[in-house]
Amino acid sequence: MPAGRLLGTLRALSAGNVEFIVVGGLAAVLNGAPVNTYDVDVVHSRDAANIARLLPVLQDLDAIYRIQPERRLRPTESYLVSPGHQNLKTHFGALDLLGTIGRNLSYEDLLPHSVEMDVGEGIRIRVLDLETLIAIKEELGGEKDRAMLPILRRTLEEKRKLSQTPQQ
Amino acid sequence: MAEVAEPLTDYSEDGVDLTLIRWFLSFTPAERLQFLQDQIDDIVAIRERNASR
């Protein structure tokens, strides 16, 4: 597996001009929360033009569904336009393409709640903001989501304190 | 009289290590991504060395 896998996935999506927002554990990390995660979760725009840009990127990444990997099932347009979740593995690792998250929130719903970040090599991506990430995890209320909430809440508090500190 | 040691930790009421958060917040997003990647690489390497356990 190539080095720099997380950045490799983001680089491929970005280079393909795919419209997406990083969510989940990686969004938490990029927002400054010290948590661990092993996959890249993104909500993609389900607009037809975006799906047309996304499909060749997935082909280049050799993306197949993680379920029954021996069948090497590849994501198709009809799956990618759906609000469901596509749990894929690529040559850069695990990639989850999420049509919607939380209470059916789409890319368009989440866009105003995302921030642009530079993740290296001049790659700029959109990342869900910490406030929205916390709100969605509070709504979901699953055990995994609840476990991460204390760290996310305290990170948000510390970020707010930092933003109120006068710059020297 | 014994000197009382200065507390050198800072935890929130719900047990979150605030020093870790402050340290991580001092990184740029690119540095946070690299930090996570390095951690994953280290964990995978340890798992591979202990695959039979």
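Colleague: How do you know that the span of α7(A) agrees with its 22 residues?

Modeller: The expected span of a helix is 1.5 Å times one less than its number of residues. The 22 residues of α7(A) should therefore span 32 Å, and the end C-alpha atoms are 33 Å apart, which agrees. Helices here are DSSP runs (H or I, at least four residues), numbered from the N terminus. This is a predicted model, in which local features need pLDDT of at least 70, side-chain atom pairs count only at pLDDT 80 or more, and totals for chains, interfaces and linings use all residues. Residues are numbered from 1 along each chain as its sequence is written, and chains are lettered from A and ligands numbered from 1 in the order in which they are written.

Colleague: Where is the kink in α7(A)?

Modeller: At A:Leu149, shortly before A:Pro150, with a value of about 35°. The bend is the angle between axes fitted to the seven residues ending at a residue and the seven starting there.

Colleague: Which residues of α7(A) are called buried?

Modeller: A:Ile151, A:Leu152, A:Arg154 and A:Thr155. Buried means that 20 or more other C-beta atoms, placed from the backbone, lie within 10 Å of the residue's own. The buried residues of α7(A) pack against α2 and α6 of chain A and α1 of chain B.

Colleague: What radius of gyration does chain B have, against that of a compact globule?

Modeller: Chain B has 17 Å, whereas a compact globule of 53 residues would have a value near 10 Å. The radius is taken over C-alpha atoms, and the globule rule is 2.2 Å times the number of residues to the power 0.38. Of the residues of chain B, 13% count as buried.

Note on methods. Helices (H or I, at least four residues) and strands (E, at least two) are DSSP runs, numbered from the N terminus. A residue is buried if 20 or more other C-beta atoms lie within 10 Å of its own, exposed if 12 or fewer, and partly exposed in between; C-beta atoms are placed from the backbone. Two residues are in contact if their C-beta atoms, placed from the backbone, lie within 7 Å.
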